[in-house]
Amino acid sequence: MIGLRSITLAVLLGTTAVHAGPEEDRQRFREFYQNRLSSIPLEAHVDGAYAMNAGAREQWLEMEEFPPYEFELDEGQELFEASFADGESLASCFPEGGQGVRQGYPYFDEEAGEVVTLELAINRCREAHGEQPLPYLSGDLAKISAYMAYTSRGNVINVPTPQSEAALAAYESGKQFYYSRRGQLNFACSSCHMQNTGLNLRAEILSASLGHTSHWPVYRLKWEELGTLHKRFQECNSQVGAVPLEAQSEAYRNLEYFLTYMSNGLEINGPGTRK
Amino acid sequence: MNGPVRWYSAALMALLLLAGCGGDSTPAQESTQQAPAAGEPAEDTVSTNPEADFPAALAAARERHQQAMDLEFAWSRAETLIESAENAAAAGDFAGALEMAIQAEKFAALSIEQATTEAEAWQARVP
Amino acid sequence: MNREHAGLDRLIFVFAGWLLATAVWAADEAQLEKGRALAFDRNKGNCLSCHMIAGGELPGNGGPPLIQMKARFPDRQVLRDQIWDSSIRNPQTIMPPYGRHQILSEEELDAVTDYIHSL
């Protein structure tokens with residue numbers, strides 16, 4: 001009896017997981033925050049926790065008037081425009097010469113059979129032109145990524161809907177990562193950023209995952225420099241007692257793919273500033 | 001019945017109680033002489049030769065932790081305990097090292113259990 | 001019965017009683033203080049990140065305030081079970097399973113339970 005019931009349950013769960021396509025997932029994701037935080041317009045979540053508290057928002061807006069990432073952003077432009085040893089530059093590897101393209105990343109590369117993030121594309125371009133790849137967490141790569149986000153401000157996030165079996169598998173793996181409990185403290189991303197969003201963890205307000213990928217890289221006062229999205233993933237894994245994964249690991253790229261797809265339709269506003 | 005003897009023993013018991021409850025017991029020092037409590041898993045049995053038992057315990061902990069790493073569900077407590085165990089062994093504290101290796105393996109096993117449960121459980125959280 | 005002895009008996013009885021009471025009281029206080037420290041410690045219980053607890057600074061609000069615990073949990077064991085693994089009562093809880101995942105040792109869990117029960 002119990003066996004039968006759990007089989008039925010498994011079948012039911014299985015079918016919902018198969019039938020709910022990415023686009024339906026995205027609608028439900030948005031509805032969740034619409035219902036949960038009904039006083040906050042969905043578009044406002046690109047400002048993270050600062051969409052949720054007027055006092056904190058005011059301080060943050062003041063900080064953004066003289067953004068602490070300004071210097072790194074300028075350096076990012078120089079690095080972007082610099083010539084490689086072979087005479088080419090980053091612009092040669094991107095559509096539109098790399099101007100205003102942030103909203104299309106990450107995407108699923110059907111030929112390579114994997115998710116390509118903006119940071120990965122930058123390093124692959126460098127390697128294709130005989131340059132060394134740059135470290136993924138902060139520094140020059142974050143600066144270049146910041147410049148490319150800056151030229152894309154206001155563009156609407158537009159990650160193509162996964163269609164092929166391989167793309168859907170990558171998307172599903174990112175989704176599973178997001179909803180799975182990890183670490184000794186037993187938290188899923190969704191435990192904090194959905195179940196507890198808008199509430200306080202000690203003194204910190206928990207942001208919505210809608211809009212989580214819109215504003216990277218971020219200058220965090222704690223980091224005292226620009227850092228990439230995968231650096232934040234690592235921190236959010238570490239703080240629950242899980243061993244963080246490598247930046248740009250397949251799992252983190254799939255997670256970014258899922259999360260960014262959820263934010264389709266919101267505006268790019270990177271680079272950002274956070275506490 | 002001799003009254004005073006009864007009361008003296010009551011006072012003595014009170015003193016014993018005070019001694020027993022007041023200070024923190026130091027299980028690490030006492031455990032070598034104590035039999036494992038009933039119901040504790042067999043691996044908690046105190047080793048009579050920790051130096052000889054340590055390498056196998058460390059290998060077992062490393063293997064479990066690596067399994068958890070491969071599943072992308074590893075816990076940092078297991079990782080730090082393995083490091084601490086190695087350091088303790090290098091410093092000659094094999095009893096401590098063995099205890100930490102055993103504990104590390106337990107955490108690694110818990111993390112694998114978490115991976116197994118979550119393989120299904122995550123779906124209940126999707127809105 | 002010897003009168004003198006009876007008097008001495010009574011004196012010793014009072015002394016023993018006082019000793020016992022002091023011992024129990026001191027042990028209780030030490031246990032509660034230990035439990036409080038564990039509950040507030042960010043690397044141990046860190047209960048404040050989600051619960052308001054009297055005397056704790058900057059509490060979060062993901063969980064209910066921990067007040068009137070004896071009324072909420074007449075049975076201490078039920079309270080201990082809640083802290084040991086909160087997912088038994090609510091599978092989707094966000095409260096960490098302090099006992100099941102050995103975030104706290106059984107001994108530490110007793111201290112935290114005693115402290116929370118005293119609130």
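# Reading interfaces and buried residues

Q: How many residues of chain B and of chain A take part in the contact between them?
A: Contact means that heavy atoms come within 4.5 Å. By that rule, 18 residues of chain B meet 22 residues of chain A.

Q: What kind of model is this, and how are its parts labelled?
A: The model is predicted, with pLDDT of at least 70 required for local features and 80 or more for side-chain atom pairs, while totals for chains, interfaces and linings use all residues. Residues count from 1 along each chain as its sequence is written, chains are lettered from A and ligands numbered from 1 in the order in which they are written, and side-chain values use heavy atoms, with hydrogens and water left out.

Q: How much area do chain B and chain A bury between them?
A: The size of an interface is often given as the accessible area lost when the parts come together. Here buried area is what two parts lose on being put together, with a 1.4 Å probe, summed over both. For chain B and chain A this is about 1,900 Å², with 57% of it on carbon and sulfur atoms.

Q: How many salt bridges and polar contacts are found between chain B and chain A?
A: A salt bridge needs a side-chain nitrogen of Lys or Arg within 4 Å of a carboxyl oxygen of Asp or Glu. The rule finds zero between chain B and chain A. A polar contact is a pair of N or O atoms within 3.5 Å; within protein, one must be able to donate a hydrogen and the other to accept it, and residues adjacent in sequence count only if both atoms are side-chain atoms. Seven residue pairs of chain B and chain A, both at pLDDT 80 or more, are in polar contact.

Q: Which helices of chain B supply the side that touches chain A?
A: On the chain B side, α3 (50-70), α4 (76-90) and α5 (94-121) each supply at least two residues. α5(B) gives the most, four residues. By type, the residues on this side are nine nonpolar, four polar and five charged. In this scheme Ala, Val, Leu, Ile, Met, Phe, Trp, Tyr, Cys and Pro are nonpolar, Asp, Glu, Lys and Arg are charged, and the others, Gly among them, are polar.

Q: How many residues does each side give to the contact of chain C and chain A?
A: Chain C gives 22 residues and chain A gives 14. The two chains bury about 1,400 Å², and carbon and sulfur atoms give 47% of that. On the chain C side, C:N61, C:I94 and C:H101 lose the most area to chain A, together 35% of what that side buries. Zero salt bridges are found between chain C and chain A, but nine residue pairs, both at pLDDT 80 or more, are in polar contact. The chain C side divides into ten nonpolar, nine polar and three charged residues.

Q: Is C:H101 buried or exposed?
A: Buried means under 20% relative accessible area, exposed over 50%, and partly exposed in between, with a 1.4 Å probe and protein chains only. C:H101 has a relative accessible area of 2%, so it counts as buried. C:H101 sits in the loop between α3 (76-84) and α4 (106-117) of chain C. Apart from neighbours within four places in sequence, C:H101 contacts A:G183, A:Q184, A:N186, B:W75, B:F107, B:L110 and B:Q114.

Q: Which residues does C:I53 touch?
A: Not counting residues up to four places away in sequence, C:I53 touches C:F40, C:C47, C:L48, C:L66, C:Y115 and C:L119. C:I53 lies in the loop between α1 (3-40) and α2 (69-72) of chain C. Its relative accessibility is 1%, which is why C:I53 counts as buried.

Q: What is the secondary structure of chain C?
A: Chain C has four helices and zero strands. Of its 119 residues, 40% are buried.

Q: Which domains does chain A have?
A: Domain bounds come from an automatic or database assignment. For chain A, that assignment gives domain 1 (4-66 + 162-265) and domain 2 (70-150). Their C-alpha centres lie 24 Å apart. The area buried between domain 1 and domain 2 of chain A is about 1,800 Å², 60% of it from carbon and sulfur atoms. In domain 1 of chain A, A:L226, A:Q248 and A:R253 lose the most area to domain 2, together 31% of what that side buries. The rule finds one salt bridge across this interface. A:R253 forms a salt bridge with A:E114, with the closest N and O atoms 3.0 Å apart.
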